[in-house]
Amino acid sequence: MERAGDRIDGLDLHNYTLDGSWETKKGEAVNFDEGGWFRLMQRAMHMDELLANHSAIMDEYDPEKRVWLIVGEWGTWHEPEEGSTPGFLYQQNTLRDALTASVTLDIFHQHLDRVKMANIAQTINVLQAMILTDGERMLRTPTYHTFDLYKPHREATALPFELDRGVYEHGRESLPAVSATVSKNGSGRIHVSLTNVDPTKPRTIEVRFSGPARLEVKAARILTAAEMNAHNTFDAPDALAPKAFSGAKVSGGKLVVTLPAKALVTVALE
């Protein structure tokens with residue numbers, strides 16, 4: 001930035017989320033316990049620190065924020081599935097991956113002044129894919145459904161909000177339990193996406209944000225499952241998919257959501 005900041009349009013940051021290490025094993029995609037769940041959420045949330053640190057350096061040399069910060073590659077990286085070609089990086093995709101994606105998208109939305117592009121790696125059959133194929137068969141992964149639940153935020157305006165994120169404790173460590181994005185589209189409809197990363201405890205969440213004085217819940221969908229490693233297979237391609245959600249209401253000018261454990265919810269309000 002000091003030497004070439006006036007001659008570049010963007011800086012490209014790559015960061016992958018592992019439940020392991022580059023030197024040994026990166027962790028299994030499906031066979032994990034709560035420790036593996038916690039570590040992956042913890043490492044996904046590290047994206048916030050990375051973006052804050054990169055932005056601080058860029059702000060020193062580019063206070064007008066002309067240069068984009070681009071997250072050119074991000075996503076979970078697990079060990080390849082047994083029987084697959086190792087170099088093809090084919091891995092299964094579970095509810096854990098879906099929620100690391102929603103948490104990461106929320107982080108991007110908190111850094112919109114600098115982050116102008118972000119690309120999950122990859123989309124089909126490689127790493128944290130949206131789609132898996134086997135010959136003529138195809139399935140949509142839980143991560144696909146996360147992106148589907150976040151579609152209402154596209155081309156919308158981010159809204160400031162307040163909520164009690166709570167604490168998810170595992171052993172002697174802890175994380176914020178709830179992550180969120182709030183936006184308003186061109187027609188005035190407000191969408192709120194909430195993620196509870198705690199795999200054992202539901203939470204009642206109150207979201208306060210600037211918007212119309214009177215709002216009603218128009219629709220809501222949820223992505224969750226009984227098991228942390230729930231996933232779709234070619235024999236059961238829709239085992240994990242969004243469903244209608246009835247646990248959201250407006251009360252006292254606030255959105256109140258009864259958020260189950262390990263769940264992503266998107267609520268539409270007008």
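Which side-chain oxygen reaches to within 3.1 Å of the backbone nitrogen of Arg96 at the start of α2? In this predicted model, the oxygen belongs to Thr94. The contact sits at the start of the helix.

Helix α2 covers residues 95-109. Its length was checked against its residue count. At 1.5 Å a residue, its 15 residues should span 21 Å. Burial was examined next. Of the 15 residues of α2, 14 are buried. The helix is therefore largely enclosed by the rest of the structure. Buried here means a relative accessible area under 20%.

The loop between β3 and β4 was considered next. Strand β3 comprises residues 115-120, and β4 comprises residues 131-134. Gln122 is found in the loop between them. The peptide bond that leads from Ala121 to Gln122 is cis. Its omega is near 5°.

Asn125 is placed between β3 and β4. Its phi is about 70°, although Asn125 is not a glycine. Leu127 is found in the loop between β3 and β4 as well. Leu127 is likewise not a glycine, yet its phi is positive, at about 50°.

Is Leu127 buried or exposed? Its relative accessible area is 3%. The cut-off for burial is under 20%, so Leu127 counts as buried.

Methods: Residues numbered from 1 in each chain as written. Predicted model: local features only at pLDDT ≥ 70, side-chain atom pairs only at ≥ 80, totals over all residues. Heavy atoms only, no water. Helix = DSSP H or I, 4+ residues; strand = E, 2+ residues; numbered from the N terminus. Buried < 20%, exposed > 50% of the residue type's maximum accessible area, 1.4 Å probe, protein only. Expected span 1.5 Å × (residues − 1). Polar contact = N/O pair within 3.5 Å; in protein donor to acceptor, adjacent residues only side chain to side chain.
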